[in-house]
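This briefing describes a single structure for a reader who has the sequence and coordinates at hand. Please consult the display below before reading the notes.

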Amino acid sequence: MSRAQAEAVIGMSAGLREGFVPEQLRTPVTTTDTTLGAWAWAELRPALKAAG
């Protein structure tokens with residue numbers, strides 16, 4: 001993991017610990033119905049196949 005990646009993870013963790021409030025709340029209008037599995041099949045799987 002690069003230094004920038006580690007700092008990003010630390011920043012996200014600290015934000016959650018300190019009561020992070022998202023700038024834009026999720027609502028039925030702004031939330032997609034895409035599941036993690038559907039996203040992984042459509043986006044991640046092809047990227048992994050191309051890399052391997």
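This is a predicted model: local features need pLDDT of at least 70, side-chain atom pairs count only at pLDDT 80 or more; totals for chains, interfaces and linings use all residues.

Residues are numbered from 1 along each chain as its sequence is written, and side-chain values use heavy atoms, with hydrogens and water left out. The chain contains 2 helices and 0 strands, and its radius of gyration is 16 Å, whereas a compact globule of 52 residues would have a value near 10 Å.

**Overall form**

- Helices (H or I, at least four residues) and strands (E, at least two) are DSSP runs, numbered from the N terminus.
- The radius of gyration is taken over C-alpha atoms, and the globule rule is 2.2 Å times the number of residues to the power 0.38.
- Along the principal axes, the C-alpha atoms occupy a box of roughly 40 × 35 × 15 Å.
- Of the 52 residues in the chain, 2% are buried (buried means under 20% relative accessible area, exposed over 50% and partly exposed in between, with a 1.4 Å probe and protein chains only).
- The chain has an accessible surface of about 5,000 Å², and carbon and sulfur atoms account for 63% of this surface; areas come from the Shrake-Rupley method with a 1.4 Å probe, and for residues only the protein chains shown count as cover.

**Salt bridges**

- The structure has 2 salt bridges, each defined as a side-chain nitrogen of Lys or Arg within 4 Å of a carboxyl oxygen of Asp or Glu.
- Arg3 is exposed at 68% relative accessible area, and Glu7 is partly exposed at 45%.
- The side chains of Arg17 and Glu18 form a salt bridge at 3.2 Å, N to O.
- Arg17 is exposed at 65% relative accessibility, as is Glu18 at 59%.

**Nonpolar patch**

- Leu36, Trp39, Leu44 and Leu48 make a nonpolar surface patch of about 440 Å².
- Patches are made of residues with over 30% relative accessible area and no salt bridge, joining like charges within 9 Å and nonpolar side chains (Val, Leu, Ile, Met, Phe, Trp, Tyr) within 5 Å.
- Leu44 lies in helix H2 (residues 36-51) and is partly exposed, with 35% relative accessible area.

**Surroundings of Trp41**

- Trp41 is located in helix H2 and counts as exposed at 59% relative accessibility.
- The charged end of Arg45 sits over the ring of Trp41, 4.1 Å from the ring centre (the criterion is NZ of Lys or CZ of Arg within 6 Å of the ring centre and within 35 degrees of the ring normal).
- The C-alpha atoms of Trp41 and Met1 are 24 Å apart in space, and the two residues are 40 apart in sequence.
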